[in-house]
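Work through the exercises below with the sequence and the model side by side. Try each task before reading its solution.

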Amino acid sequence: MYHEMDLKYKMKCFNKPVMLCDYKEDGYTKNIKKIFRENPYGHYAYFREILEQHDMTGVPFKKRLYVMKHYILFASLINKRIHIKDIKGLKNRLGIILLWIPGKIKTRIIFKVPNSITK
């Protein structure tokens, strides 16, 4: 949704706090692994959209790496095969190819995913 808004509308940035909140001990940040594990489909769709619709030309390497790692993480959590031909940009394709097996292994260890590495 935010990508679509960014393409169709102008956005205004504020260099001031818009809202002040208190950190909750049982909140989103503390439970991020649980949230990722219980709701992987929306996160997968988000990162898939980025890689399949944008080649990310001009995006810094660190941000590009973040997107690729999370794409692999959520694809692993839902046991989804990656179709490399659907990913835009040669750098993105190469990154996914190089990170696929290490990403699957790390996801399997951190989230205790029982599926095989080859899927």
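## Exercise 1: The overall fold

The chain has five helices and zero strands. This is a predicted model.

**Task.** Describe the pattern along the sequence, the box filled by the C-alpha atoms, and the share of residues that count as buried.

**Solution.** 
- Step 1. Read along the sequence, the pattern is α-α-α-α-α.
- Step 2. Along the principal axes, the C-alpha atoms fill a box of roughly 45 × 35 × 20 Å.
- Step 3. The chain has 119 residues, and 30% of them count as buried.

## Exercise 2: Helix 3 against helix 4

**Task.** Describe how helix 3 and helix 4 cross, and list the residues that make the contact.

**Solution.** 
- Step 1. Two packed helices are described by the angle between their axes and the distance between the axes.
- Step 2. Helix 3 spans residues 40-53 and helix 4 spans residues 61-77. Their axes come within 9 Å and cross at roughly 135°.
- Step 3. Angles over 145 degrees count as roughly antiparallel, and 65 to 115 as roughly perpendicular. Helix 3 and helix 4 are therefore oblique to each other.
- Step 4. The crossing of helix 3 and helix 4 is left-handed.
- Step 5. Helix 3 contributes Pro40, His43, Tyr44, Phe47, Arg48, Ile50, Leu51 and Glu52 to the contact. Helix 4 contributes Tyr66, Val67, Met68, His70, Tyr71, Phe74, Ala75 and Leu77.
- Step 6. Sorted by class, this contact has 12 nonpolar, two polar and two charged residues.

## Exercise 3: The largest nonpolar core

**Task.** Which residues touch the most other members of the largest nonpolar core, and which element gives the most to this core?

**Solution.** 
- Step 1. The core holds 21 residues. Leu51, Tyr71, Phe74, Ile82 and Ile96 touch the most other members.
- Step 2. Helix 3, helix 4 and helix 5 (90-111) are the elements that give two or more residues to this core.
- Step 3. Helix 4 gives the most, with eight residues.
- Step 4. Now take leucine 51, leaving aside its neighbours within four places in sequence. Leucine 51 is in contact with Met56, Val67, Met68, Tyr71, Asp86, Ile87, Lys88, Asn92 and Ile96.

## Exercise 4: Lysine 106

**Task.** Is lysine 106 buried or exposed?

**Solution.** 
- Step 1. Lysine 106 lies in helix 5.
- Step 2. The cut-off for exposed is over 50% relative accessible area. Lysine 106 has 52% relative accessibility, so lysine 106 counts as exposed.
- Step 3. Serine 76 is 30 residues from lysine 106 in sequence. In space, C-alpha to C-alpha, lysine 106 and serine 76 are 9.9 Å apart.

How values were computed. Residues numbered from 1 in each chain as written. Predicted model: local features only at pLDDT ≥ 70, side-chain atom pairs only at ≥ 80, totals over all residues. Heavy atoms only, no water. Axes fitted to C-alpha atoms, helices over the stretch in contact; angles between N-to-C directions. Helix = DSSP H or I, 4+ residues; strand = E, 2+ residues; numbered from the N terminus. Parallel < 35°, antiparallel > 145°, perpendicular 65-115°, else oblique. Left-handed = near helix turned anticlockwise from the far one by under 90°. Contact = heavy atoms within 4.5 Å. Nonpolar A, V, L, I, M, F, W, Y, C, P; charged D, E, K, R; others polar. Core = buried A, V, L, I, M, F, W, Y, C linked by side-chain atoms within 4.5 Å. Buried < 20%, exposed > 50% of the residue type's maximum accessible area, 1.4 Å probe, protein only.
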